[in-house]
Amino acid sequence: MSRQHIPLKDITIGTKGWTAKVIVEAKAMPRSSQRSPVKYQRMILRDSEGTKVQATIFESDIDKFSDVLALYKTYYISNAVVKTILPQHRIAKNDYQWHINSKTVVEEVTEVYSSISLPPYNFVSFSEFSKHINSDAYVDIIGVVIHAYPLREIPTVNGPQRIQELLLVDQQLIPKILTMWDQFIENECAAIVKIIKTKPIIAAYRIRIVSFNGIFTFIFTVSNGFIYIII
């Protein structure tokens, strides 16, 4: 049975006793903060009106919600902590963010007719990379991982940085390089390397396309992108 809920746009710091109905549109793997050992997990939630909110789970609460808040499933959520978020930390168009903790109530919507449908994704073809090269725009891509290059170190303005590159092809069999940085190497990239022989299909969201020595590559940073193994 459908429960009473309010739109995400109406939920602010002062809103009392609210319940929202949302779909988990994006969910990153757990990782540690770059400046502290605090472990966290980020996700993007969206309601039926298309409004999105960034939500974060910390430390031991990550394990509590490991079997819920699954990607692309719909939930009723209440009693999350609502806080403002600085523009430089936003990955959703919303002035507020949620902290999901042990007091947050999460209930899966099991009726198919009550679930929120996903919007169609506009994956960018590898042949269209030139339209987005070195811009501030984010794009979404999908491809098959056919090779993983060894982990290596490169010089940057901030000193040596570790990277790992994956070779992907899209439906047109166009090859491109995916460059992983920061904790994407230990988390998402490590998971892909383990199953590289199966030629996994991955989808990547909120990435930027840049050119190194005339070669198009797409960049993941720990603060922005999401990557999922589909098959």
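A search of the whole structure finds three aromatic pairs; here, rings of Phe, Tyr and Trp (its six-membered ring) pair if their centres lie within 6.5 Å, and planes under 30 degrees apart count as stacked, over 60 as edge-to-face and the rest as tilted. One of them is the tilted pair of Trp18 and Trp98, at 4.8 Å centre to centre with 35 degrees between the planes. This pair links distant parts of the chain, with Trp18 in the segment before β1 and Trp98 in strand β7, 80 residues apart. Trp18 has a relative accessible area of 7% and is buried, and Trp98 is buried at 2%. Buried means under 20% relative accessible area, exposed over 50%, and partly exposed in between (1.4 Å probe, protein chains only). Phe126 and Phe129 form a tilted pair too, 5.2 Å centre to centre and 50 degrees between the planes.

A word on what you are looking at: this is a predicted model, in which local features need pLDDT of at least 70, side-chain atom pairs count only at pLDDT 80 or more, and totals for chains, interfaces and linings use all residues. Residues are numbered from 1 along each chain as its sequence is written, and side-chain values use heavy atoms, with hydrogens and water left out.

Stepping back, the protein has two helices and 15 strands; these are DSSP runs numbered from the N terminus (helices H or I, at least four residues; strands E, at least two). Of its 231 residues, 44% are buried.

Strands count as paired if DSSP finds at least two bridges between them. Strand β4 (residues 52-58) runs parallel to β7, joined by four bridges, and Thr56 has His99 as its bridge partner. Strand β6 (residues 81-84) pairs with β7 in the antiparallel sense over four bridges, with Thr84 partnered by Tyr96.

Now turn to β5 (residues 74-78), where five of the five residues are buried, so β5 is also largely enclosed by the rest of the structure. Thr74, Tyr76 and Ser78 point one way, Tyr75 and Ile77 the other. Strand β1 (residues 19-27) pairs with β5 in the antiparallel sense over five bridges, and strand β8 (residues 105-108) pairs with β5, again antiparallel, over four. Tyr76 stands opposite Lys21 and opposite Glu107 in β8.
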